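Student: I would like to learn how to read helix packing, pockets and cavities in a model. Could we take each feature in turn, with the general idea followed by the case at hand?

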Amino acid sequence: MKKLLILLLVTLLATSCDKGFDELNINPNALTKVDPGFQFNTAVVNSAFAYSNLQYETIIVKQMINPFSGVGAAGQYNQDNRGVTAANWQRYYRDVIRELVDVGNQTKDVPARSNLYNMTRIWKAYSFMILTDTYGDIPYTEAGKSYLEGIITPAYDAQEQIYNDILKELETASAALDASKAKVTTDVLYGGDIVKWKRFGNSLLMRAGMRLSKVNPAKAAEIVAKAVAGGVMQSNDDIALLRHTANFSNPVGAPLNGGQGDFFYLAKDFVDYLKENNDPRLASIAVRYVGAKSAVDQKEPKANRSPAVQIGMPLGFDNTTVSAAVKADGLASLYDYSQLDRTRLAGLLSPTLFVTYAQTQLLLAEAVVRKWTTGDASKLFANGIQAHMKQLALYGTSSAVSDAAITAYLQAHPLETGRELEQINTQYWVASFLNGPEAWANFRRSGFPNLTPNPFPGTDLKTEQFIRRLTYTDAELNVNRNNVQAAISRQGPDLLDTRVWWDKK
C-alpha cells in the first residue's frame, strides 16, 4: 500500500510538472504565420535590379563600363565569371520565386484573396521572364517547391514551354483581376489599384509576346493583339515602380554611394549617341568630375553635369591599358570619364522602374510597323520618347527635362520611313537605361542599336560577337547535375555564346 501511494504521488507530480510546459516554451512574441500579402511585397522588393546587372547586362549593351579586374571581371572582358553570372539565379530563386510559389499556394483556393493570387501570378511571370531570358532553359514547373513538395533537384523546362505558360498566365491572370473583390491595400507597387495592375499585366504580356518576333512572328502578332485588347499602360502614372526608402535603399545606388562609385563609368557608345543627337537626357544622367586624378578627386566641387563636357569611356581596355584612351581624350586619368550621377538616377532613394509606359509605347510603335496592331507608329514613337524624358523627373527635379527641350528633340528626330525598327529599338535602348535585363533582352531580340562588339582581347566568346546568355551556377552543376546536363544537351553548350530559344539567328 505504501509503495502504491508513493507511485501515485510521483505520477501526480510528473503530470503537474508537464502541465503547461509546452505553452511555457513558446515565445508569445514570435511570428507563427506571415500574411501572404507581406510575402508578396518581399518578393517585389527583392526583384529590384541589383549591382550585378551593372557587371554584365549594362556592359553588354554598352551603356556602362567597369575597367577594373579582380572579382568584378565580367562583361567588360567578355569573361565567364560564374561568381557574377550566378547573381540573377540566386536572387530570384531564393528571394523571389520561393516567396511567390508559397503565396500562390496559400491564396489559390481562397476567393477573398483572388486579386492577390492573380497579382502573384503576374509577378511570377515577370520574374521567370528575367530568369529564362538570362539563362535559357531553367527550372520552372518544379521551381520553388522544396518546402511544399520536397523537390530539391527540380527539372529544367525548355524555354519555349516556359514562354507558352508565361503568356497563358499573364493573359488569364490579368483578365481575372476584379476591382469588385477585396483590394490588396498592402501592395507596394500600385496600392492594390486593379486598373493599374491590369494595364501592367497586359503591357508585360505584350513585352513577352514581342520576344517571339524572330522565332514565331505569327504568335507574337496574336499575343500583341490580345494585350492591346486587354488594355496596356496609358501614361507614366501606370509605371510599375518601386520606391526605395532608408530601410531598403536602391540596390544599385547603395554600392555606388558606398565606396564603389569610382568603379563604373558611362560607356562611350551611350554618351556619344546622346551627345550626337543633342539628347537632353544626357544632362539628367551624367556627371563628370573634371580633372579627377583619383577616386578621392571625384567630389562635388569638380562635378560638371553639362552635356558638352561629357566623355564616355571606351570598351576594350582594363584599368591599365585604358591609359592610351585617357591620353587620346585629353583627360587627367580614367577617373576623369563621365559617370552615372550618384546623386540623382543612382541615388540611395532613387526608384526602381520595372515596366514603363515609355517602353510600352515604343513596343506598340514596332507592332504597328510590323502590322501586328493598328495605330500611328510615328505618334507612338514620339510618345515613347516623350514619356521617357518625362519619367526622369521621378528621380528629382534636377533630372527633369523641360517641355521645350522635349519638343525640340521630337521635332529634330521624327520616325523615318525605312529606318523604323532601328530608330524604335535604339530609343528602347535609351528608355531601358538602368534596366539591364530588359535592355539586353531587347538588344538580342531586335539587333538594335547597331553596336560594335567589345574588342577586349582574350575573350571567352568563341562563336559570337556579343554575350547571348549567362551560364548556370556552379552550385546547380554540383547539386542538380543530371537536370542541368539534360538542359545543356537540349539547349546547347553552357557558354556565353549559346543563344536562348527566342534569340534565333
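Student: In which hand does H9 pass H10?

Tutor: In this predicted model, H9 passes H10 in a left-handed crossing. To read such a pair, one takes the hand together with the distance and angle between the axes: here helix H9 (residues 159-176) and helix H10 (residues 194-210) have axes that come within 9 Å and cross at roughly 160°. Angles over 145 degrees count as roughly antiparallel, and H9 and H10 are therefore roughly antiparallel to each other.

Student: Which residues of H9 and H10 meet?

Tutor: On the H9 side they are Tyr163, Leu167, Leu170, Glu171, Ser174 and Ala175, and they meet Lys198, Gly201, Asn202, Leu204, Leu205, Ala208 and Gly209 in H10. Sorted by class, the residues of this contact of H9 with H10 are seven nonpolar, four polar and two charged.

Student: How are the axes of H10 and H11 arranged?

Tutor: The axes of H10 and helix H11 (residues 217-230) come within 8 Å and cross at roughly 170°, which makes H10 roughly antiparallel to H11. From H10 the contact takes Asn202, Leu205, Met206, Gly209 and Met210, while H11 contributes Ala220, Ile223, Val224, Lys226, Ala227 and Gly230. The class count for the contact of H10 with H11 is seven nonpolar, three polar and one charged.

Student: At what angle do H16 and H17 pack?

Tutor: Helix H16 (residues 357-369) and helix H17 (residues 377-391) pack at about 165°, with their axes 8 Å apart, and that makes H16 roughly antiparallel to H17. The crossing of H16 and H17 is left-handed. In H16 the residues Tyr357, Ala358, Gln361, Leu362, Leu364, Ala365, Val368 and Val369 meet Ala377, Leu380, Phe381, Asn383, Gly384, Ala387, His388 and Gln391 in H17. By class, the contact of H16 with H17 holds 11 nonpolar, five polar and no charged residues.

Student: Which residues lie nearest the centre of the second largest pocket?

Tutor: They are Val101, Gly104, Asn105, Lys124 and Lys145, out of 19 residues that line the second largest pocket, in which about 440 Å³ of space lies. Two or more lining residues come from each of H6, helix H7 (114-135), helix H8 (146-149) and H9, and H7 gives the most, with five residues. The class count for the lining of the second largest pocket is seven nonpolar, four polar and eight charged.

Student: How many cavities of 30 Å³ or more does a search of the whole structure find?

Tutor: A cavity, unlike a pocket, is a space from which the 1.4 Å probe cannot get out, and the search finds six of 30 Å³ or more. The largest cavity holds about 220 Å³ of space and is lined by 22 residues, with Leu353, Tyr395, Phe433, Leu434 and Asn435 nearest its centre. Strand S9 (352-355), H17 and helix H19 (420-431) each supply at least two lining residues, with the largest share, three residues, coming from S9. By class, the lining of the largest cavity has 14 nonpolar, eight polar and no charged residues.

Student: Which residues line the second largest cavity?

Tutor: The second largest cavity, with a volume of about 80 Å³, is lined by Tyr126, Met129, Ile130, Asp133, Leu204, Arg207, Arg211, Asn435, Pro437 and Glu438. The lining of the second largest cavity divides into five nonpolar, one polar and four charged residues.

Definitions and conventions
Residues numbered from 1 in each chain as written. Predicted model: local features only at pLDDT ≥ 70, side-chain atom pairs only at ≥ 80, totals over all residues. Heavy atoms only, no water. Axes fitted to C-alpha atoms, helices over the stretch in contact; angles between N-to-C directions. Helix = DSSP H or I, 4+ residues; strand = E, 2+ residues; numbered from the N terminus. Parallel < 35°, antiparallel > 145°, perpendicular 65-115°, else oblique. Left-handed = near helix turned anticlockwise from the far one by under 90°. Contact = heavy atoms within 4.5 Å. Nonpolar A, V, L, I, M, F, W, Y, C, P; charged D, E, K, R; others polar. 1 Å grid on protein atoms, 1.4 Å probe; cavity = no way out; pocket = protein on both sides within 12 Å on 5 of 7 lines; lining within 4 Å. Points joined across faces, edges and corners; volume = space filled by probe spheres on them.
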